[in-house]
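Have a look at it first, then read on.

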Amino acid sequence: MSSKPSGPGARPAGEPVALPADWAATPLTVVMPTYNEAGNLPGMAEALMALPLPGLRLLVVDDSSPDGTGEIAEEHVRRFGPERMGVLHRAGKEGLGRAYAAGMQQAVADGAHYVLQMDADGSHPAAKVPEMLGVALATGAAVTLGSRYVQGGTLSEAWGVHRRLLSRWANAYAGTILGTRVRDITGGFNLWREDALRAIDLASVDSAGYSFQVEMKYRALRRGFGVMEVPIHFEDRTVGESKMNLMVQLESVTMPWKLRARSRR
Ligand SMILES: Nc1nc2c(ncn2[C@@H]2O[C@H](COP(=O)(O)OP(=O)(O)O)[C@@H](O)[C@H]2O)c(=O)[nH]1
Ligand SMILES: [Mg+2]
């Protein structure tokens with residue numbers, strides 16, 4: 001499903017919306033975990049810094065990538081300045097969930113009003129960030145998802161039938177076990193209001209890997225926070241390799257059951 005914008009007020013695809021000046025200045029930290037993303041990080045940093053969001057700060061969370069991503073991130077901090085970008089260096093690879101939890105805690109402690117999770121591999125469109133912030137501010141939603149599975153959301157043309165079905169199935173699996181109506185519960189492009197993150201208590205999150213995405217949304221829903229979904233186009237990574245492995249897949253299979261059992265106790 002893809003629809004071209006048309007009519008009055010339509011903007012060309014890929015163009016960010018212009019928010020009112022005081023909205024655009026909202027303190028927003030983008031938390032971006034990296035493991036061997038040397039080929040992707042420079043383009044991501046540039047795209048984010050070019051957005052019409054003067055309140056945006058980028059926090060890279062690098063797990064000592066052997067390919068030197070952490071050093072490349074430091075070069076960009078020197079270029080853009082420490083007000084606009086920072087790096088959290090961690091000792092070793094502990095999983096995407098642990099990296100996000102650490103980075104999001106630091107972002108909140110440093111005074112962000114909103115925190116956005118975003119992968120470094122180009123899958124998540126930077127141009128959508130102002131729209132997601134605008135939706136969060138306009139609706140008061142504590143959680144605003146960049147969603148592949150609401151009307152207008154699209155997947156990379158490179159995804160074959162098998163991968164589309166697997167992704168759909170994984171979403172339905174977690175959603176059914178947990179009894180939620182969130183349409184993209186496994187997605188990783190999520191904007192959080194600071195008070196929701198405090199209420200969730202990031203330090204106590206169980207997931208080390210990708211099930212972090214599901215666990216976080218479930219925790220928010222259980223605490224009564226409102227969730228909005230904004231359609232995005234999800235692109236495939238073109239540079240570097242996926243860090244998905246059997247361990248994190250197993251965790252994703254068992255985590256919804258764990259969360260459900262815990263919530264019934
Ligand atoms: N710091 C850190 N980042 C990670 C880790 N695992 C994955 N990432 C990052 O998390 C993001 C998503 O990972 P990716 O491999 O693209 O997952 P996929 O899209 O599901 O294949 C990328 O920016 C990765 O570099 C990890 O253990 N530590
Ligand atoms: Mg990816």
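Helix α5 spans residues 129-139, and its buried residues are V129, P130, M132, L133, G134 and A136. Here a residue is buried if 20 or more other C-beta atoms lie within 10 Å of its own, exposed if 12 or fewer, and partly exposed in between, with C-beta atoms placed from the backbone. Helices (H or I, at least four residues) and strands (E, at least two) are DSSP runs, numbered from the N terminus.

This is a predicted model, in which local features need pLDDT of at least 70 and side-chain atom pairs count only at pLDDT 80 or more, while totals for chains, interfaces and linings use all residues. Residues are numbered from 1 along each chain as its sequence is written, and chains are lettered from A and ligands numbered from 1 in the order in which they are written.

What do the buried residues of α5 pack against? Their partners are α1 (21-24), β1, β4 (114-117), β5, β7 and β8, where contact means C-beta atoms, placed from the backbone, within 7 Å. After α5 comes G140, with a positive phi near 80 degrees.

Strand β5 (residues 143-147) is largely enclosed by the rest of the structure, because 5 of its 5 residues are buried. V143, L145 and S147 point one way from β5, and T144 and G146 point the other way. In a regular strand the side chains alternate between the two faces of the sheet.

| Partner of β5 | Bridges | Direction |
|---|---|---|
| β7 (residues 190-193) | 3 bridges | antiparallel |
| β8 (residues 227-231) | 5 bridges | parallel |

Within these pairs, L145 has N190 of β7 as its bridge partner, and T144 has M228 of β8.

Leaving aside residues up to four places away in sequence, Y114 touches several residues, including L133, A136 and W192.

Finally, which residues come nearest to ligand 1? Of the 20 residues around ligand 1 (C-beta atom, placed from the backbone, within 6 Å), they are P33, A99, A120, S242 and K243. The elements giving two or more residues to this shell are β1 (28-34), β2 (56-62) and α4.

How values were computed
Two residues are in contact if their C-beta atoms, placed from the backbone, lie within 7 Å. Two strands pair if DSSP finds at least two bridges between them.
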